[in-house]
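Please look at the sequence and the structure first.

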Amino acid sequence: LATGDSVLATSFQERPYWWVDAPPEASVSDLPPDTEVAIIGGGYCGLCCALELAEHGIGATVLESNELGFGGSTRNGGLATGGQKFVVSGATHGMTPAHRARVLEDAKESLATLEARISKYQLDADYVRCGRVILAHVPSHYRRLERWAELLRSEAGSDVTLIPRADLTAEIGGARYHGGLLIRDYGGLQPAKYHRALRHAARARGVGLHSHAAVSAIDRAAGGFRLKTNRGTLRSRHVFVATNGYTGPLVPYFQQRVIPVASYIIATEPLPDGLADRLSPRRRMFSDTKRDLYYFRLSPDGRRVVFGSRPGVFDTNLTVAARRLHRQLCNVWSELNDVKVEYSWNGNVGMCMDHVPHMGQYEGIHYALACNGSGVAMMSYLGYQAALKIAGRQDRPCAFDSSKFPEPPAYRGIPWFVPLVAAWYRARDAVDQMAG
Ligand SMILES: Cc1cc2nc3c(=O)[nH]c(=O)nc-3n(C[C@H](O)[C@H](O)[C@H](O)COP(=O)(O)OP(=O)(O)OC[C@H]3O[C@@H](n4cnc5c(N)ncnc54)[C@H](O)[C@@H]3O)c2cc1C
């Protein structure tokens, strides 16, 4: 068995595999003195807002504190999903049936909008509607998948099929899992290429994109706002905050509600010939039913495995994480024992108390925050919805637009409780494993 550093390729790098083809970008032209909409955060959410505003003839300036593409938008797994997250996380439990239906409808719409925009703007993002299989961690979780299938079918209109364990080898090699739920309408993309394509589309429509422009203050001013950045000040009529898992102290109200949680990913070296077809014959996206879940896939060229999870209860460095994730990966596919890790990286997702994303306005500032782990389609959609709202073009309010944004008790921006929650999730996964 490969152990210790022998699991790391000699070319091992602590950076996202996705950046090989589409690295983040510096863009340091002078800031304009004023703009119609100042967008804080240059991820999918900010860019999709800017792009839609441009469609309505409204000028926007994107302000990003790091390079463009620094955040979760170029670090994620690239699994593009609709409403499954809300069903799986139990976020829809306390909702009225009408509210739940609207949430699932908008979640489905988020994926449809992603696909429509990829096609409309010809975004080079390696998007494929390949389907996603959610895999049962233990036999009893298959019954859970049956319930999820019912909900997704009846309330989200998803095209889903249950796969009993005996048939699972058509979807995934190995014998780790106890059945699965295939959601056919979900897809996958290359996250950093999607981000780069959004940058190109936004620029082509006149949007100003500014890297290294951290916003440190938002003040009220005549006719709107004045924003202070480390590259000067600018005035704007509207402000949109799209900082998700990188939300800092700029607006304490947001920092007190969005909990940054790191997720870690590895990409293997290229697989030996023929192995990819045995591991993932239909090239699906995968995740499992654990609370502390694994999510994984082949790279778009089908040559590597990209695998995400948390390496432990506490955050750790990317080399340690690479070794631990490799061990987890070998639990899924023991054939990968001798395949080394070439890339290891992490990034922040934005979690919140009620496990649903939020958009709205606070003291006149528009925002869309808290992807809760799933934001390729959703945060793109909320950026788009926020633009429609600012432009006065929504034909109905988005289901995630609400004045209620619950605050975790005793939370002031330091996520001290994340290791406790992670430990609790792991303990419950272990109990499930023992119970079968
Ligand atoms: C490791 C990982 C795996 C994931 N896997 C998946 C997946 O497979 N499928 C899925 O659907 N979702 C996934 N996600 C979630 C998804 O990546 C995010 O939901 C999405 O990218 C969020 O986009 P965003 O634009 O809201 O935020 P981000 O892309 O995170 O951008 C926010 C930006 O705001 C900037 N910023 C913060 N403060 C300021 C300031 N004061 N001034 C200027 N700029 C500021 C930050 O620098 C950052 O670049 C994953 C996330 C991670 C981290």
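Ten bridges join strand E13 (residues 259-268) to strand E17 (residues 341-351), and the two pair in the antiparallel sense. Within this pair, Ser-263 stands opposite Gly-347 in E17. Strands count as paired if DSSP finds at least two bridges between them. Strands (E, at least two residues) and helices (H or I, at least four) are DSSP runs, numbered from the N terminus.

This is a predicted model, in which local features need pLDDT of at least 70 and side-chain atom pairs count only at pLDDT 80 or more, while totals for chains, interfaces and linings use all residues. Residues are numbered from 1 along each chain as its sequence is written, and side-chain values use heavy atoms, with hydrogens and water left out.

E13 and E17 belong to an open sheet of nine strands with mixed pairing, in the order E1-E17-E13-E16-E15-E14-E5-E7-E6. Its edge strands, E1 (8-13) and E6 (160-163), each pair on one side only. On average, neighbouring strands of this sheet are turned by 25 degrees against each other, direction ignored. Helix H8 (residues 318-332) packs on the sheet and touches E1, E13, E15 (295-298), E16 (305-309) and E17. The direction of H8 makes about 70 degrees with that of E13. Contact means heavy atoms within 4.5 Å; axes are lines fitted to C-alpha atoms, for helices over the stretch in contact, and angles run from 0 to 180 degrees between N-to-C directions.

| Pair | Bridges and sense | Opposite residues |
|---|---|---|
| E10 (residues 215-221) and E11 (residues 224-229) | six, antiparallel | Ile-218 and Leu-227 |
| E11 and E12 (residues 232-241) | five, antiparallel | Phe-225 and Ser-236 |

The hairpin of E10 and E11 has two residues between the strands, and Gly-223 takes a positive phi near 75 degrees there. The hairpin of E11 and E12 also has two residues between its strands.

How many disulfides does the model have? The count is zero, where a disulfide is a pair of cysteine sulfur atoms within 2.5 Å. Cys-49 has its closest cysteine sulfur in Cys-45, 7.1 Å away, which is too far for a bond. For Cys-352, also in no disulfide, the nearest cysteine sulfur is that of Cys-371, at 9.3 Å. Cys-49 is buried at 0% relative accessibility, and Cys-352 is buried with a relative accessible area of 3%. Buried means under 20% relative accessible area, exposed over 50%, and partly exposed in between (1.4 Å probe, protein chains only).
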